[in-house]
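Colleague: Before I use this model, I would like to go through the labels attached to it. Please set each value against its definition.

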Amino acid sequence: MSYVLIVGAKSDIAKETARVYAKNGYSLYLAARNVTDLEEFKTDLEVRSSVKVELVELDITACEIHKEIYEGLKEKPFGVIVVSGYMTEQHKAEKEWSESLNTINVNYTGAVSLLNIVANDFEEEKRGFIVGVSSVAGDRGRKTNYIYGSAKAAFSAYLSGLRNRLFESGVSVLTVKPGFVNTKMTEGLDLPEKLTAEPNEVAQDIFTAQQAGKNTLYTKWIWRYIMLIITTIPEFIFKKLSI
Amino acid sequence: MSLQSWGMYPTVENEVIKFSSEAELKEKLGTADELIANGNGRSYGDSALADTLVHTKPYDYFLDFDEVTGILDVQAGVLLSEILEGVVKRGWFLKVTPGTKLITVGGAIASDIHGKNHHIEGCFSECVEEFTLMLADGEVVSVKKGEELFLATCGGMGLTGVILTAKLSLKKINSQFINQTTIKTKNLKETFAAFEEYKHLPYSVAWIDCLAKDENIGKSLLMAGEFADDGDLRYKPKSKLNIPFNFPSFALNTLSVKAFNWLYYWKSQDGVSKQRVHFDSFFYPLDSIRNWNRIYGKNGFTQYQFILPKESSFDGLERILEKISQSGKGSFLAVLKLYGKKNENYLSFPIEGYSLALDFKIEKGLFELLDELDAIVVECGGRIYLTKDVRVSKETFEQGYEKIETFRKFRKENKMDEKFNSIQSKRLGL
């Protein structure tokens, strides 16, 4: 069965996504930094689903070696899912340039570098799918997390353009915009229960939307409407708000 | 986010501890005061509730599966549904499964759950070859069948430690379908006779109409079955319906219960009929409706489950069913089942006899009614199921479980009573 490459495989969303794809018979490349930490998870997937799982050492910010890594895969993947993300506290990113730069590099620059390579390959093969996990935070900049949000906004715009370009080649591109998700990244935050998704729900949503060839996925679904409201508030009012 | 139990009663605030390694749990156990493990929150009452909970569900790796012997090694947070997703396609099934697959392996051991085949296969502990357990001081021990820790932990409601991994012995199947025989009975006498007649089949359970009166008391649909042998193992779990909000509490009035019972009663046209059904609808009819517990309204509900020794089952059940029928608090679900021999575990629920399980919406006057039912249960030499319970008195509980003092002594000697406690264990002095 064909391979799916999951980038940023250590996150809770990525792991649940890996399980869903494995359950549906896909073999997996799990790519992350210090990927040997995922040995036990690799075993979990193999025992659960009897699929092949390969670990791939990859630093999303080390753009110069992305091509080498991608070409080193023993079999080209049929799909690529970019889940890697970095969220720091807003005030920290405001004060420390390194934090801002890392936010931009992980969420945007690195993803572009890798997906450029993937897109060229898929376009030539005229097949495959690409999934990028962006965020609702990219739909409008807010004072509480606009540095992370702006990097995700750039990523969303990139995915939108990529979808436009690859349409003719029959390659689908899905932009995923999760709202609150109960993960390690949000541990300690007091999230409203009704608006918060579990990682396995997000994973199932991603699989369903990707298989159906959807363009944009909000998860939970209600976030589409929450963001619709937030993006329609006039700027002269919005700038005074604290949300 | 606080964790609640399936009955949504009582609702409590709690601190939730998560862990991804033994070392991390040991450290967190050391700094915590008292706590209890909580898996997928499917026990109905207060047995997995406390101020501090160890949430074991995220500890959910599959470790190994030997397809020759059928021994599956998993971490305790793995759900039974995940096991089925993995192994049915390869021709394996759980030896023992309860009426929901949405429970963790750790929870299955702690409750020593049982299923429709108790009269043949016994409790879940029968298929547990060994497990690992973190004790009060953080030490991890491997526990094998027959050891004292095994007897205390299987059915021990998480009160001996945190179950970390388990080796389960699975059984071979050659189909995802069940050949089911449905028997319609007019009264309790006929129901009992049908259980005896069909007890050679591995699976059996009866849906009983709790609102039936007088000579119709105990009228039921008995469903008995066994796995088919057609080689069809192409298992694909279906997606679920969702009940997105709590029903207003008037939704479950006598009328709706009557309608529900009616539907089930008339399902089979003649006295005996045969069907071929999927194992998911045979074993887990309610799992297809996510959050079905919300149907009882926001005040929550409880499931009252007791078991009576065989010799006193008939009289006892007739008296209890009559009382329920009179009260008009009839439940949505009433499940009757014949059980086989009891095991050696200190607190496992099953004994040889008949068990009845009913749901009740929490409302005024309910606990008084249940106290009255308790009195009959005690008189008949029966006992109450801790996994479902939220209100039984210490006296009633103690009279049902003859090994409770052995369990208490064991807990005390090993300082487990200082670290592992639930609201239930405090209430009952477990």
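Modeller: Helices (H or I, at least four residues) and strands (E, at least two) are DSSP runs, numbered from the N terminus. The model is predicted, so local features need pLDDT of at least 70 and side-chain atom pairs count only at pLDDT 80 or more, while totals for chains, interfaces and linings use all residues. Residues are numbered from 1 along each chain as its sequence is written, chains are lettered from A and ligands numbered from 1 in the order written, and side-chain values use heavy atoms, without hydrogens and water.

Colleague: Where is Ser50(A), and why is Ser50(A) called partly exposed?

Modeller: Ser50(A) sits in the loop between α2 (39-49) and β3 (53-57) of chain A. Buried means under 20% relative accessible area, exposed over 50%, and partly exposed in between (1.4 Å probe, protein chains only). Ser50(A) has 46%, so partly exposed is the label.

Colleague: Why is Asp214(B) called exposed?

Modeller: Its relative accessibility is 62%, therefore Asp214(B) counts as exposed. Asp214(B) lies in the loop between β12 and β13 of chain B, and has a positive phi of about 50 degrees.

Colleague: How do you know whether chain B agrees with a compact globule?

Modeller: The radius of gyration is taken over C-alpha atoms, and the globule rule is 2.2 Å times the number of residues to the power 0.38. For 430 residues this rule gives a value near 22 Å; chain B has 21 Å, so the two agree. Of these residues, 62% count as buried.
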